Each structure stands twice: as C-alpha cells, then as structure tokens.
Amino acid sequence: MSSESSKWPLWEVFVRSRQGLSHKHVGSLHASDATMAIANARDVYTRRQEGVSIWVLPAEAISASSPADKDILFDPANDKVYRHPTFYTLPDEVKNM
Amino acid sequence: MTKAQHFEWLLSLADDALILGQRLSEWCGHAPALEEDIALSNVALDLIGQSRAILTHAGLLEGEGRDEDRLAFFRSDREYRNLLLVELPNGHFGDTIARQFFFDQFAMIRYGHLAQQTFDLEIAAIATKALKEVRYHAAHSAEWMIRLGDGTDLSKTRIQESVDRLWPYIGECFEAHPILDAAITSGAMPDCKSIELTWKERVSAVLAEATLILPTDDWKQVGGRNGLHTEHLSYLLAEMQAVPRLHPDAKW
Amino acid sequence: MDLNQRFEDYIAADQKIEAKDWMPDDYRKTLIRQISQHAHSEIIGMLPEGNWITRAPSLQRKAILLAKVQDEAGHGLYLYSAAETLGAQRDDLMDALIEGRAKYSSIFNYPTLTWADMGAIGWLVDGAAIMNQVPLCKCSYGPYARAMVRVCKEESFHQRQGFQIMLNLCEGTDEQREMAQDSLNRWWWPSLMMFGPNDESSTHNEQSMRWKIKRFSNDELRQRFVDMTIPQVELLGLTVPDKDLKWNQSTGHYEMGAIDWQEFFNVIAGNGPCNKERIAARKKAHRDGQWVRQAASAYAEKMRTKVTPNQTNAA
Ligand SMILES: [Fe+2]
Ligand SMILES: [Fe+2]
Ligand SMILES: [Fe+2]
C-alpha cells in the first residue's frame with residue numbers, strides 16, 4: 001500500500017553534547033531532505049538538552065570498514081603499546097606529565 | 001491602561017497560545033510521520049508552556065486568587081479572548097500547517113515587540129523566552145508551506161485551499177480593539193498597521209517560494225477578542241474542561 | 001575462522017554484535033521480530049494515553065502527559081531505527097502493523113476510561129515495561145542495546161509521573177480515591193500479563209536467553225514486578241484485585257493468584273476491547289499522511305535536481 005515515492009530516506013544523526021566535545025552518533029531517522037532531517041533530529045534526539053550542534057548524513061553516504069577486515073585493520077596496532085602514555089613508568093617525583 | 005484592561009490583554013495573549021496548543025495536541029499519535037508527530041508535540045508543548053506563564057502572571061495581576069488552572073478550566077467560551085483562527089478545527093495536515101504558519105508569523109512579530117517593551121517587564125521576560133520557541137515554530141511551518149506548495153499537484157491544490165479557507169480569519173490578528181488600543185497607548189504593543197505590514201511582507205515571501213497565491217479578499221471574521229467565537233470553541237472547552245468541572249474541589 | 005564460531009564466541013564473551021557483523025539468520029529474524037514488536041508497542045501505546053491529553057485536568061498535567069506520549073513516539077522511532085540496522089524497512093514494518101500482521105503489547109488494547117488510568121498506566125504499565133527493558137540494555141545486539149539505554153533513561157520519569165497522579169488521587173476527594181481504585185482494578189491483571197506467558201508455555205524463551213537477547217524469564221520478571229509494586233500499592237492505601245495474593249515469609253516473595261491466560265490469548269488474537277480501534281487509528285494516520293509524505297519527497301527531488309554539478313562538488 002505504501003507507494004515508493006512516499007518513502008523518506010534514512011539519515012544518521014550525530015550530536016555534539018557540549019562545546020569542545022566531538023559529534024557522536026546517536027541514532028537515525030527518516031526525513032525528506034536535510035533541513036527536515038536536522039529539525040527532526042533536534043526534536044527526536046535533543047528533547048532533554050542533549051546537544052549544542054547536530055550533523056545529519058544520508059545513511060547511504062556512509063562507507064564502513066568491513067567487519068571481516070577487523071583483524072587486518074586493527075590488530076597491527078596491538079603491539080604498538082609504546083603509543084600509549086601508560087607504557088612509560090616515571091619516577092614518582094615527576095608528578096604531572 | 002487600567003488593571004482590568006491589562007488583565008484582559010494578558011488573557012488574549014495567553015488564550016491564543018493555550019487554544020492553539022490544545023488543538024495541536026490533538027495530533028499526538030496521528031501525524032503523517034513519526035518524526036512529525038514529535039515535532040507537532042514540541043510546538044504544542046511550547047505553546048502550552050507560554051500560556052501557563054502568561055495566565056499565572058494575569059492571575060497575580062488580577063489579585064483574586066485565580067491561578068493558571070482556575071483561569072484555563074473555569075472560564076466559559078464568552079470569557080475566552082483568543083483569535084478565531086486558533087480555535088478552528090485541525091482539518092488535514094495542510095490546514096493545520098497553514099493555520100500554524102499564519103499564526104507563527106504573527107506571534108513572532110508580536111513577541112518581538114513584547115520582548116522590547118517596558119510597560120510590563122514580566123511579559124517582556126516571558127516573550128524573550130517565547131520568541132526563541134516561536135522562531136523555531138515559524139521555520140517549521142514555513143518549510144512545510146514550501147514543501148506542500150511546491151511538492152505534488154495534489155499537495156499544491158490542498159494547501160492553496162487551506163490558505164484560502166483560513167484567509168478570512170487573518171484580519172482579526174490586526175483588528176483594532178479597545179483593549180488592544182489601551183495596550184498600544186501605554187506602549188505595550190505597536191500599532192496594528194505596522195504588525196500587519198511586516199506580517200504581509202514575510203508571509204508573501206514564503207508563499208511566493210511555495211508557489212502559492214496570497215488571497216486578496218479582505219473580508220474578515222472577528223469576535224474572538226470580545227468572546228464571540230465560532231461554533232468550535234465551546235466543543236473544545238467542553239472537552240478540555242470536563243474533568244476539573246466535574247470535580248471542582250479536586251487537586252490533580 | 002568459521003563465522004558461526006566467531007559469532008558464538010562473541011556472545012559467550014559478552015561482546016556486542018554490530019549491524020555489519022555476520023549473524024545467524026534466525027538471530028536476525030528473532031531480533032527483527034522482537035524489536036519491531038517493541039516499536040509497535042510504543043507507537044500503539046501512544047493512543048490510549050493520547051486519548052486523555054486534551055482532557056488532562058490541569059495545564060501542568062497536560063504538559064507532562066504530552067511530553068510523556070511524545071517520548072513514546074521517540075522510543076518507537078529509536079526502535080524502528082534499530083530494526084533498520086538489521087535490514088528491515090520501517091515502511092514494511094508499519095504496513096505489517098496496520099494490516100494486522102504484526103504483534104504488539106496486549107496491554108494497549110484496553111480502554112482508558114478515566115483520568116486515573118493515566119496514573120495507572122504510567123505507574124504499572126511503564127513500570128512493567130521498565131522491568132522488561134532494563135535487562136535489554138545489556139542485550140547482545142549493539143544497536144538494540146544502545147536504543148534501550150536511551151529509552152530506559154527517558155522512561156524513568158514516566159513511571160514517576162504516573163505514581164504521582166495516583167498519589168494525588170489517593171490523597172484527594174472520595175471520588176478521586178474511588179477513581180484510583182477502579183483504575184488499579186482494571187489495569188492490575190493486564191499489567192501482569194505484559195511479561196508474557198508462563199515460562200513453561202513460552203515459545204521463544206530458551207534460544208533468546210542463549211543468544212543474550214533475553215536475560216531473565218517471563219516469570220522471573222513478573223515476580224520482581226509484583227514484589228516491587230505491592231508495597232507501593234499499600235503506600236497508596238489501595239488493594240490489588242487478587243484475593244489470593246499473599247506474602248510468603250520463607251521465599252521472601254509475594255505469591256499471586258492465577259492469571260486468566262484465556263483473556264490474554266484472546267487479546268493477543270485480536271479480540272481485546274480496543275484492538276480494532278488501535279489498528280484503525282494507525283491505519284488512518286498512515287493513509288491520511290500519504291499525500292504529505294509524497295509532497296515532501298517530491299519537493300526534495302525537485303531541489304536535488306536543481307543543484308548544479310558545481311555545487312555538488314563544492315562540498
Ligand atoms: Fe516507552
Ligand atoms: Fe516501552
Ligand atoms: Fe514510557
């Protein structure tokens with residue numbers, strides 16, 4: 001019964017919860033255009049002052065890494081523990097570094 | 001302006017918001033899309049919030065111990081001061097949007113002035129908050145006017161019909177009235193003509209973008225500010241007021 | 001590694017399955033069924049309460065109820081979104097609902113007859129829903145679990161506002177107290193039915209538990225709900241319509257009387273007091289909105305084709 005032309009595309013919604021933080025994915029919604037998507041995102045995802053800024057992105061525009069590639073994409077970083085500050089033990093005298 | 005006039009004037013502001021909020025809340029659960037259901041409820045919530053603040057202020061000014069609920073639930077249709085426009089039934093989504101669009105543009109200009117005036121500082125504070133809300137409402141309704149006007153042939157026909165149907169109720173927004181005159185004299189409101197000019201300018205711009213025609217007929221339906229309403233208001237009030245009137249001593 | 005093995009390992013290690021991860025077909029189907037039923041329940045659930053927004057007895061109550069029912073629309077939306085990550089389409093799910101092919105919580109097929117029902121629903125129905133939903137925040141499917149975290153956060157005010165309505169009624173006039181008791185009488189058993197059939201007759205329990213889509217059994221959750229709620233009933237000075245209800249000192253639980261499962265299965269089968277009205281209302285909203293959704297799509301299409309190639313590249 002629902003005719004093809006009445007379907008609104010899916011948008012992914014990203015909200016910056018506070019100034020200084022990055023936008024975080026919060027969910028998705030349907031809207032006919034970007035203006036409506038932003039308005040709807042405001043009403044759907046920030047009814048309790050959850051945000052100061054909104055991004056919307058057509059869901060179909062997102063390219064994702066394949067879960068099957070998880071090993072080759074992310075495992076190589078496994079043994080580079082020296083990238084993390086906790087790798088380095090400092091004498092107690094050095095307080096803030 | 002006398003205290004009685006001041007009180008009546010506040011009622012007219014509050015009743016516009018309350019009755020339209022009540023009408024919009026009827027949409028809850030029935031809108032064309034889930035997202036739009038949430039949007040319409042948001043607008044309704046803002047309007048009800050505005051009416052509560054103004055009614056409370058009016059009750060305190062009157063000094064007879066009437067709070068927001070006493071004023072909302074225990075006045076008859078003859079004592080309601082809202083525009084006829086806001087009490088009209090929702091009709092289809094286009095009717096609701098056109099009514100909202102016309103009112104939002106009016107409310108935005110009116111709150112803009114109210115936020116600036118110094119005759120009633122409480123109202124200035126309420127208007128400052130309301131203005132942010134109404135700007136958002138106005139964007140929402142204007143965007144829909146454009147989508148429906150410049151959407152399909154069917155939607156264009158329907159929304160143009162809505163515009164034409166509602167047009168006779170627009171004049172009342174800018175109609176002179178003794179209470180309003182008193183508010184104008186004391187500097188609380190600008191004269192009606194200047195509001196009307198700004199309103200027409202903004203409305204025309206949106207309608208042009210929506211490829212819709214602004215009616216030129218200047219016949220107007222008035223009476224709301226005097227408590228002489230359409231047949232629709234007493235039904236609305238009967239529904240809204242039924243429970244508190246059945247239990248007049250109850251607290252909820 | 002074998003895909004199924006990897007999936008099982010994830011589940012065993014309490015890792016979340018994400019939208020693009022491989023998953024068994026049955027897991028996907030079970031989730032789509034459960035999430036969409038849940039979404040439908042939120043949307044249908046708007047109707048019995050929406051029924052009283054225009055008649056709320058104070059402006060504050062009107063605002064609270066409107067905000068509450070609006071939240072339910074949001075919940076439906078979060079959940080439909082979660083179902084969409086599994087490849088379902090909201091339009092198809094909606095069609096299934098209005099054509100009567102989909103299930104939703106049986107509770108919303110009961111009528112709301114007085115203002116007190118707004119209290120009983122918030123307190124009992126949202127209360128039971130929270131009981132059901134909190135464990136789902138830890139469900140194995142990531143998007144569902146995250147949607148439930150959001151839902152549960154918002155639900156917390158729903159139950160409180162309901163209880164507060166009941167409290168005000170019980171502290172009010174005689175008529176108000178009667179209204180509250182009458183409402184409890186009508187909503188008590190349907191609320192207990194919300195947890196679903198007894199464990200021995202529930203069909204989906206075992207596999208769902210193994211997949212960590214479900215974390216506690218129907219009876220377990222129902223018992224928790226009764227144990228939590230009875231002291232609140234007493235606080236209100238009301239009585240539940242169950243003459244067999246008694247405290248069992250040795251188990252530390254309340255024992256409840258027999259649930260009328262015939263009624264439950266009748267309502268599920270479409271023969272509750274309001275099944276037809278609920279579906280008809282959704283159908284009407286969907287059909288009446290068709291021209292609006294089409295107009296918005298047509299307008300967006302016009303704007304899209306208006307954009308010159310230059311502008312497209314500029315982004
Ligand atoms: Fe909910
Ligand atoms: Fe729920
Ligand atoms: Fe809820």
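The following dialogue concerns strand 1 of chain A and an iron site in chain C of a predicted model.

Tutor: In this predicted model, local features need pLDDT of at least 70, side-chain atom pairs count only at pLDDT 80 or more, and totals for chains, interfaces and linings use all residues. Residues are numbered from 1 along each chain as its sequence is written, chains are lettered from A and ligands numbered from 1 in the order in which they are written, and side-chain values use heavy atoms, with hydrogens and water left out.

Student: What makes strand 1 of chain A mostly covered?

Tutor: Of its 7 residues, 10-16, 5 are buried; buried means under 20% relative accessible area, with a 1.4 Å probe and protein chains only. A strand is a DSSP run of E, at least two residues, and a helix one of H or I, at least four, numbered from the N terminus.

Student: Why is the arrangement around the iron ion (ligand 1) called irregular?

Tutor: Its donors, meaning N, O and S atoms within 2.8 Å of the metal (3.2 Å for Na, K and Ca; water is not among the atoms, so sites may look incomplete), come from C:Glu42, C:Glu72, C:His75 and C:Glu155, at 2.0 to 2.2 Å. The 4 donor atoms subtend angles of 81 to 155°, which makes the arrangement irregular.

Student: Why does the pair C:His75 and C:Glu155 tie together separate parts of chain C?

Tutor: C:His75 lies in helix 3 and C:Glu155 in helix 6, so the pair links parts that are 80 residues apart in sequence.

Methods: Buried means under 20% relative accessible area, exposed over 50%, partly exposed in between (1.4 Å probe, protein chains only). Four donors count as tetrahedral if all angles lie between 85 and 135 degrees; four count as square planar and six as octahedral if opposite donors are over 155 degrees apart and all others between 65 and 115; anything else is irregular.
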